[in-house]
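Here is a structure to read slowly. The questions below ask what each term rests on.

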Amino acid sequence: MEQALTGIKVLDLSHYIAGPYCTKLLADYGAEVIKVERPGVGDGARRLGPFYRDDPHMEKSGLFLHLNTNKKGITLDLEVGSGIKIFKELVREVEILVENFEPRVMGELGLSYEVLEKINPRLVMTSISNFGQSGPYRDYKATEIVSFAMSPHMYSEGEPDREPLKFPGYKAQYLAGTYGVVATMGAFLGSQVSGVGQHVDVSIMECLSSLPEGATVLINYAFSGEGAVIRRTGYRREGVYPWAVYPCQDGYIFIFAMLPMMWPRVARWLGMPALVDDPRFAFADPKARGEHHSDFDAILLPWLLERTREEVVKSAQAERIPLTPVYTIDDVLEDAQFNARGFFTEVEHPVVGRVTYPGLPFKLPEVPTVPHQPAPLLGQHNQEIYGGWLGYNQDDLVRLRERGII
Amino acid sequence: MSKLPLEGIRVIDHGVAYTGPGATSMLGDMGAEVIRVESIRRFPTMVRGMVARPVREGVEKYPGYADNDPGSRPWDRWWQHHALNRNKYGITLDLSRPKGVEIYKKLVKISDVVIENFSQGVMDKLGIGYAFHKGVKPDIIMISTSGLGDEGPYKGYSTFGSNIDSVTGMMSLRGYPGDDMMIRNPMPVWSDNVAAATAAFAAMVSIYYRNRTGKGQFVDLSQVESFLPHMGESIMEYTMNGRVPLPMGNRDSSMAPHGCYPCRGEDKWVVIAVSSDKEWQALCRAMGEPKWAKGKKFTTVSGRWHNQDELDGHISRWTKVRDNYEVMHLLQKEGVPAGVVTTPIELYEDFHLKERNFFVEATHREIGTCVYPGMFFKFSRTPARIRILPNLLGEHNDYVYGEILGMSREEIAQLEEEKLIGDAYLPEVP
C-alpha cells in the first residue's frame, strides 16, 4: 500500500545503532530499505541484548528487532571483488545509501563517494561516524560512553560529588541517527530537484554539540562565562524550586515549576494562597527565597504523601503546572495516553513471535497506517532482491552462496 | 554557489523555547526560506529573555545576555535566541487583530510548511489552527509539537524539558546503580533535540508525500512519542521478558573496564570502554604493562566484568595522576576507545572541531563578534553555512512585506503606524 516515502529505495550498509535508526525511520514511513549484512555473521547488533527469553540467538536480539523493522535483508561479502561488483550493481538502483563504518572503510573497499557517484550521479550517500570523515579524531574509536562524554552534556549529568554519568542506553547514537535522517532527507529532496546527489557527512560529536540543546549550552557559556556552565547539581539546584522528583503516596512525580509566573499556580494548587505573599519565598528577594528551599520542601512533601500520583498529576495540571508522573518502563506500557493514541504496535516475527514494539514517532493522518513488518532474518530477501533487481536466478544464488559471496 | 537542497521551500516558524526554533533552523540550514513570525505585543517563552526589559536599579550583571549586558535592545541579546535562530528571516506581526490575520493569510498562501509549538489551543484561540491554514492553502503542511500530543486523555498537559523524561521512563533510568528514585537530576535536558529533529523530518516526509499526491498534512507530534523509540531496547526488555530495567550508571552489560575515571585537576574525567581482549591488551600497553594487570582474573572478558570494582580502582589510580586529554590521546593511539568528559570551554577550544570548522565566527549587528556552533552535517556539493545571523526583532519586515509580499513602502509604514509590526516590544510589555 502507498506509504509516505513509497518510491524511495535505500541501500543500507549500516550496523549497530546510529545508521540503522536513520534507515529505520525511512523504512517505517514506507521507503524500500535493503539492509546489507555480512554472510553468516550479520549486523553486530544481533549480538547485543536484551534477548528474547535471554537466549542470545542472532534472530532474538530485542535491540536488533526494534531497529530493523520494515527493512529487507540481504547478505553480501564486501571484502571480495565479486561482492564489490554486485554491490555496485545495487547502487545503480537506489536513491540513497547509508553507512556508518569507520571513515577509512568505504575508501579501502573501493566504494568511496567519488567512485559511487560515477555509477549513480543522483545518489545521496550518508556517512554517519563518531567524529566525522575528516579531522584529527577521524580514526579515534568510540562507543556510546565516549561519544556522550565528548559533548556538552555528560559534564552536567550526575551528582556534584560523584563521577559524571552517561545517559542510559544508546542516546547519542539514536540522536545521530535522527539527525542523520534529517540531513539525508534534505539532501534527497535537493537531489530530486537538481538530478544530482551528494555525500552527507554526519558526525555524532557534532550532532551532540549542535542545536538545539548542545548549542544553547555552548552559547550560554560564550555569553556569560564560566558562571553559566552547569556543573552537576544533583537532584536539586539549591535555591531553585519547585524543580525535582518528589515522592507521593504510591509513586513519584516530577515538577518543573520554578519560574516566577508559576508560583501563584503552585499556591492555588496546594490550597495555600498565603504562599503567594509569604516573604520567605518572594522572588523579589532571591536571597530569602534561596535560603528557604528546605522550608518549602517541608510544606510540599507531606502534602504529596497524602495523595496518589494520579490525583497529584491531575490537580497540578488543572492549574497548568508542569508536573508529570515519573514512570518506570512498565508504567510507560500501561499509560492511558500512549494507548489511546495507539503509539505501541504489535509485530509478528518468524522466530520470536508476536511482541509489542514502540511504534511510529508521529502519524500522518492522510496516509493509511499499515502494520510494521518484522526485522529481516539474515539473508531473508536474497532471492527477492538479487532475483528481482539484478535478474539473478536460483543457480546464480546457489553459486554465490557456495563461494560465500552471499 | 550551488543551490542548497531545500531552496524553494518556504517555512513559517512560530516556534518558542527549543523544539520549534530548533526544527526550523535545521530546515533553514539546508536552504529552506524560513520566516520567523514574532509579535511586538506579546513576550514569548524562553526565546528572548525572561522579561522584555530586565534592567533593574543596582544590578550590574545580567547573566544570559551577551557579555552579561542587556544593552538597549535586550531581546536581541539573549542566549537562547542566538543558539537557536539562525538562517531565518524575522518579522513581527500582530496576529491578535483581524488585519494582522489578513496579512498572515497572504504569507500562508505562498508557504509550504508551518511549524508551531505553542501550548495546546493557542493557535486555535487566535483563529489560526489547521482548519484556518488549510482553508487558505489546501495542501499546507502543518506540524504542531507538544509534550504529550494534541489528542488523548492528557492532551494539553503542561510540560517543560525534563517532564518529557519523566513520562518516557528515561528519568527512572538516569542515575547511579542502586540509587533512590528521589536522586534524579533535572539537568541536562535532551528531549528537545529529538523532538526538533523529528519535526524537521516530519516536515520533509510530508513535502515528499505532497509532491507525489498533492495532499498536505497536519502532524500532531508528541515530544514523548518522538523520544520513546530511543528507549527501544529498554521497552523490548519489558515487552519480551517482563523485566523493568534499572539504572546501570556508567556500567555496561558486558564491556569492562567501562566507566568514568578521575584525572588530574579539579573535576577532570576521562571515560574508557574496553570491548575485547585486543583492546584490553592495548590498554595494558598504554599503561606500561602494570603488574596488577597480569592477574589471571583480568585476562578474560568474564573475568574483567566480574572484577570490575577492583579493575576500576586500579585504573583510577593510574588516571588520577594524569591529564585527561593526555590519557585520551595515549589510549586512542593504542586503539582503545577513550574520551575526555568535555566542558563547554574545552569544546570551543577543541582542535578537532576547529579543524572541522564546526564553529562559525561571525559579527552580529547587535552583539558583535560571536562564535556560533555550526552544522551537524556537511554536504559535499552544496555546503551549508550560516547565511543569516540570529535576527533582530522585526529585522526583515521590509524584506518580507516588501519583496516577498509585494507591499509598498507606504503600506508597510501604515502597518508600523498601527503597531501591527515593529522592531521593539511595545512599552507596555514588561
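What follows is a set of questions and answers on this model.

Q: What makes this a model to read with thresholds in mind?
A: It is a predicted model, in which local features need pLDDT of at least 70 and side-chain atom pairs count only at pLDDT 80 or more, while totals for chains, interfaces and linings use all residues. Residues are numbered from 1 along each chain as its sequence is written, and chains are lettered from A and ligands numbered from 1 in the order in which they are written.

Q: How do you know what confidence the predictor has in chain B and in the complex?
A: pLDDT is the predictor's confidence in each residue, from 0 to 100. Chain B has a mean pLDDT of 94, and 99% of its residues reach 70 or more. For the complex, the predictor gives an ipTM of 0.97 and a pTM of 0.97.

Q: Why is A:Y16 called buried?
A: A residue is buried if 20 or more other C-beta atoms lie within 10 Å of its own, exposed if 12 or fewer, and partly exposed in between, with C-beta atoms placed from the backbone. A:Y16 has 20 C-beta neighbours inside 10 Å, so it counts as buried. The phi of A:Y16 is near 65°, a positive value in a residue other than glycine. Most residues other than glycine have a negative phi.

Q: What makes B:N87 buried?
A: There are 25 other C-beta atoms within 10 Å of B:N87, and therefore it is buried. B:N87 sits in the loop between α2 (79–84) and β3 (88–92) of chain B; helices (H or I, at least four residues) and strands (E, at least two) are DSSP runs, numbered from the N terminus. Phi of B:N87 is positive too, near 60°.

Q: How do you know which residues of chains A and B form the contact, and how many there are?
A: Two residues are in contact if their C-beta atoms, placed from the backbone, lie within 7 Å. Chain B contributes 133 residues and chain A 125 residues. Helix α8 (residues 191–213) of chain B gives the most to the side of chain B that touches chain A, with 16 residues.

Q: What makes strand β6 of chain A and strand β12 of chain B a pair?
A: Two strands pair if DSSP finds at least two bridges between them. Three bridges join β6 (residues 199–203) of chain A to β12 (residues 377–379) of chain B, and the strands run antiparallel. In β12(B), B:K378 is the bridge partner of A:D201.

Q: Why is the set that includes B:A200 called a nonpolar core?
A: A nonpolar core is a set of buried Ala, Val, Leu, Ile, Met, Phe, Trp, Tyr and Cys residues joined through C-beta atoms within 7 Å. The largest such core has 236 residues, of which B:A200, B:A203 and B:V270 touch the most other members. Its largest share, 14 residues, comes from α8(B). Beyond neighbours within four places in sequence, B:A200 is in contact with A:V182, B:A23, B:M26 and B:L27.

Q: How do you know where the domains of chain A lie?
A: Domain bounds come from an automatic or database domain assignment. That assignment divides chain A into domain 1 (9–211 + 341–402) and domain 2 (243–328). The C-alpha centres of these two domains of chain A lie 44 Å apart.
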